[in-house]
Amino acid sequence: MPQVVVQAPPASGTATASMVLGILGVLGGWCLFGLPCILAVILGHVGLHETRHGTKSGRGMAVAGLVLGYVFVGPMIAFTIMVFFGGVIGAATPTSTPTP
């Protein structure tokens with residue numbers, strides 16, 4: 001009896017990268033100033049576009065990368081702005097030296 005072999009479509013590399021960067025953004029994105037989160041959002045949208053017609057698999061990974069990226073991109077950008085402006089204001093604020 002002949003065997004029918006069904007091959008699954010190849011996985012989308014951008015969807016996988018989106019999920020991995022989303023996880024990295026959750027675990028340590030605060031020390032990278034939110035860059036993994038931003039990349040996870042961008043690659044997640046590209047991964048969704050690649051998996052739309054079923055030629056590639058990995059739609060769930062793209063959605064996971066988007067969710068992780070969007071949830072943590074806002075706080076990471078706020079943290080980056082606070083660190084930047086805190087450094088600028090701290091450097092620009094004159095300090096008085098105590099006189100003996």
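This is a predicted model: local features need pLDDT of at least 70, side-chain atom pairs count only at pLDDT 80 or more; totals for chains, interfaces and linings use all residues.
1. The buried residues of α1 are Thr 14, Ala 15, Ser 18, Leu 21, Gly 22, Gly 25 and Gly 28. Their cover includes α2 and α3.

2. On confidence, the protein has an average pLDDT of 87, and 97% of the residues score at least 70. Helix by helix, α2 comes out highest at 93, while α3 is lowest with a mean of 85.

3. Helix α2 (residues 35-50) passes the length check too: 16 residues at 1.5 Å each should give 22 Å, and its end C-alpha atoms are 22 Å apart, which agrees. Which residues of α2 are buried? The list runs Pro 36, Cys 37, Ala 40, Val 41, Gly 44, Gly 47 and Leu 48. They take up an arc of only 140 degrees around the axis, so they lie on the same side of α2. The background here is that an α-helix has 3.6 residues a turn, so residues three or four places apart point the same way. What does that buried set pack against? Its partners are α1 (13-28) and α3 (59-92).

4. Ser 12 deserves a look. This residue belongs to the segment before α1. Ser 12 has a relative accessible area of 0%, so it falls under the 20% cut-off and counts as buried. Leaving aside residues up to four places away in sequence, Ser 12 touches Gly 47, Glu 50, Thr 51, Lys 56 and Ser 57. With one of these, Glu 50, there is also a side-chain to side-chain polar contact, at 2.4 Å. I'd check that pair by eye in the viewer.

5. Thr 14 goes with the previous point, as its side chain and that of Ser 12 are joined by a polar contact of 3.1 Å. Thr 14 itself is in helix α1. Is Thr 14 buried or exposed? Its relative accessible area is 17%, and buried means under 20%, so Thr 14 is buried. Not counting residues up to four places away in sequence, Thr 14 touches Leu 43, Val 46, Gly 47 and Glu 50. Gly 47 and Glu 50 are also among the residues touched by Ser 12, and Gly 47 is one of the buried residues of α2.

6. How many aromatic pairs does the structure hold? There is 1. Phe 84 and Phe 85 form the pair: their ring centres are 5.3 Å apart and their planes meet at 70 degrees, so the arrangement is edge-to-face. As for accessibility, Phe 84 counts as exposed because its relative value is 53%, past the cut-off of over 50%. Phe 85, at 45%, counts as partly exposed.

7. Last, a word on Val 71, which is found in helix α3. Val 71 has a relative accessible area of 47%, so it is partly exposed.

Terms used:
Residues are numbered from 1 along each chain as its sequence is written. Side-chain values use heavy atoms; hydrogens and water are left out. Helices (H or I, at least four residues) and strands (E, at least two) are DSSP runs, numbered from the N terminus. The expected span of a helix is 1.5 Å times one less than its number of residues. Buried means under 20% relative accessible area, exposed over 50%, partly exposed in between (1.4 Å probe, protein chains only). The arc is that of the directions from the helix axis to the C-beta atoms. Contact means heavy atoms within 4.5 Å. A polar contact is a pair of N or O atoms within 3.5 Å; within protein, one must be able to donate a hydrogen and the other to accept it, and residues adjacent in sequence count only if both atoms are side-chain atoms. Rings of Phe, Tyr and Trp (its six-membered ring) pair if their centres lie within 6.5 Å; planes under 30 degrees apart count as stacked, over 60 as edge-to-face and the rest as tilted. pLDDT is the predictor's confidence in each residue, from 0 to 100.
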